Protein chains: 2
Amino acid sequence: MTAFEKYLYVKNINKSILCVGLDPVLEKLPVILKKEVNSIYIFCRDIIEATKNMVCGYKLNFAFFEQFGVEGYEILKRLFDLIPNDLIKIADAKRADIGNTSKAYAKSIFDYFMADAITVNPYMGFDSLSPFFDYSDKIVFILALTSNPGSQNFQKKIINEKPLYQLVIEDSINWGNSKNTGFVVGATHPKELVLIRKIVPDNILLIPGIGAQGGDIEAIIKANNNGPAIINVSRSVIFSSSEKDYAESAAQEVKKLNKIINNFSK
Amino acid sequence: MTAFEKYLYVKNINKSILCVGLDPVLEKLPVILKKEVNSIYIFCRDIIEATKNMVCGYKLNFAFFEQFGVEGYEILKRLFDLIPNDLIKIADAKRADIGNTSKAYAKSIFDYFMADAITVNPYMGFDSLSPFFDYSDKIVFILALTSNPGSQNFQKKIINEKPLYQLVIEDSINWGNSKNTGFVVGATHPKELVLIRKIVPDNILLIPGIGAQGGDIEAIIKANNNGPAIINVSRSVIFSSSEKDYAESAAQEVKKLNKIINNFSK
């Protein structure tokens, strides 16, 4: 089963296109957990346990583990192993480099962590991403239009009457196959998503930026026009309670979001 | 002492602007070393030992360690600790993400690995890089025009009569301070380097791509016009011999390159 087929399957089983972003921050952990690095493992484990039947997958943000060095890196691996294999495991690593280096990154993400998907940065062009696309059964999410304010700096600049993010999508659409080529489009850009959906009606999109980052769920679901998509939410779910009910609270938030998303998707 | 001051100091002491890129590949290790992950530590250690008095620093390419998971990550940390502190330690990690994530990456690179410099990707704009610039005594090398073929895909596309890489440089030039803002310009683009040096005569450049990637040393040194720069060489130095003399052979290559570079710099 390819990652894309797995997405279709789990989305149907769990009735959810929501993905929970695991971006643990030591200072924000529930008071019941000790202020030590291993608590981020316990925290993420409990959230996975409480939500795994109501999401389509998890997005693990490498930075939040790498900041703790080898200890954090070990926890990252343990969490990848812990997540059930019928869910989509996204390595949010935003990698890309020259060819032989990207090949090593692809090995790290797909062979070592055994992720189903990765986020990659298009700035260095075709040969910097092709080693990821060589894994034809995975999903490679290319950053197109990101959710942050800095997306204005370059991504929206006009080249031959088109914004750079559109050029990125149109150029890279055939770098992989139709099922392993995805794009990241921030939930803060519903207007642009309408246009993007016209260019890539069938490609899977990773849409972060709802919740703490302020993306409007209704607008983004309507703009997505029922195309294959994974909506990511991080902070507003995982830090919804700082008390001992943090895992159940996260599950409640997921349920609420699923309901909202599924309603707007009708 | 800031990283930039350290660069000026070590460049003068070691009479070198050459940096050795540590991109170890298990299959290419000298036959005398066992085919096991820890051999990449021994290999890099021996090369550092043999060349540390004739280079300005080392560039550690994270992908080549991350592909071995936790074991590789541990070796990466040991190598950072091993390199003498009077040399420039460059984390070639090409990171960047939304603000709170980049903050965590910056912690990983500067607080945990204690690198002097990092390579970062500009695609996500200002707020994705500002957490790195907050470390005012480090050097942040922004990818501008990279050495690989894919630099044609987007970096050379024209926006308001200027290529994207030029816009990146002109926009980001004030995101940090004059001493912690550097740019990556591939040695395969000497003609463009002439233009870039006019825009940023005093900013430090990281120039990879000589040797295996085919950059012409004479053309690139002349184009650089004696601006502050670090020339990186990886494969043609570290894999210059696959016999037991690999470390001395690397040192001989470095000597040769120093002589060539210093001659053209006069």
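1. Confidence. The structure is a prediction, not an experimental one. Its scores are ipTM 0.97 and pTM 0.98. For chain A the average pLDDT is 97, and 100% of the residues score at least 70.

2. Barrel. In chain A, eight strands close into a barrel, and their order is β1-β2-β3-β4-β5-β8-β9-β10. The pairing in this barrel is parallel. On average, neighbouring strands of the sheet are turned by 30° against each other, with direction ignored.

3. One strand pair in detail. Strand β1 of chain A covers residues 18-22 and strand β2 of chain A covers residues 57-61; the two pair in the parallel sense over four bridges. Within chain A, Cys19(A) stands opposite Gly57(A), a residue of β2(A).

4. Helices on the sheet. Helix α1 of chain A (residues 3-14) packs on the sheet, where it touches β2, β3 (88-95), β4 (117-120) and β5 (139-145) of chain A. The direction of α1 makes about 130° with that of β3(A). Helix α7 of chain A (residues 164-172) also packs on the sheet, touching β5 and β8 (181-185) of chain A. Between the directions of α7 and β5(A) the angle is about 150°.

5. Interface between the chains. Contacts between the two chains involve 47 residues of chain B and 47 residues of chain A. On the chain B side, the elements that give two or more residues are α3 (62-66), α4 (69-82), α5 (99-112), α6 (126-133), β6 (158-159) and α7 (164-172). The largest share, seven residues, comes from α5(B). Sorted by class, the side of chain B that touches chain A has 21 nonpolar, 17 polar and nine charged residues.

6. Packing of α5(B). Which residues of α5(B) are buried? They are Thr101(B), Ser102(B), Ala104(B), Tyr105(B), Ala106(B), Ser108(B), Ile109(B) and Phe110(B). These buried residues pack against elements of both chains: β2 and α3 (62-66) of chain A, together with β3 (88-95), β4 (117-120) and α6 of chain B.

Conventions. Residues are numbered from 1 along each chain as its sequence is written. Chains are lettered from A and ligands numbered from 1 in the order in which they are written. This is a predicted model: local features need pLDDT of at least 70, side-chain atom pairs count only at pLDDT 80 or more; totals for chains, interfaces and linings use all residues. Two strands pair if DSSP finds at least two bridges between them. Axes are lines fitted to C-alpha atoms, for helices over the stretch in contact, and angles run from 0 to 180 degrees between N-to-C directions. Two residues are in contact if their C-beta atoms, placed from the backbone, lie within 7 Å. Ala, Val, Leu, Ile, Met, Phe, Trp, Tyr, Cys and Pro count as nonpolar, Asp, Glu, Lys and Arg as charged, and the others, Gly among them, as polar. pLDDT is the predictor's confidence in each residue, from 0 to 100. A residue is buried if 20 or more other C-beta atoms lie within 10 Å of its own, exposed if 12 or fewer, and partly exposed in between; C-beta atoms are placed from the backbone.
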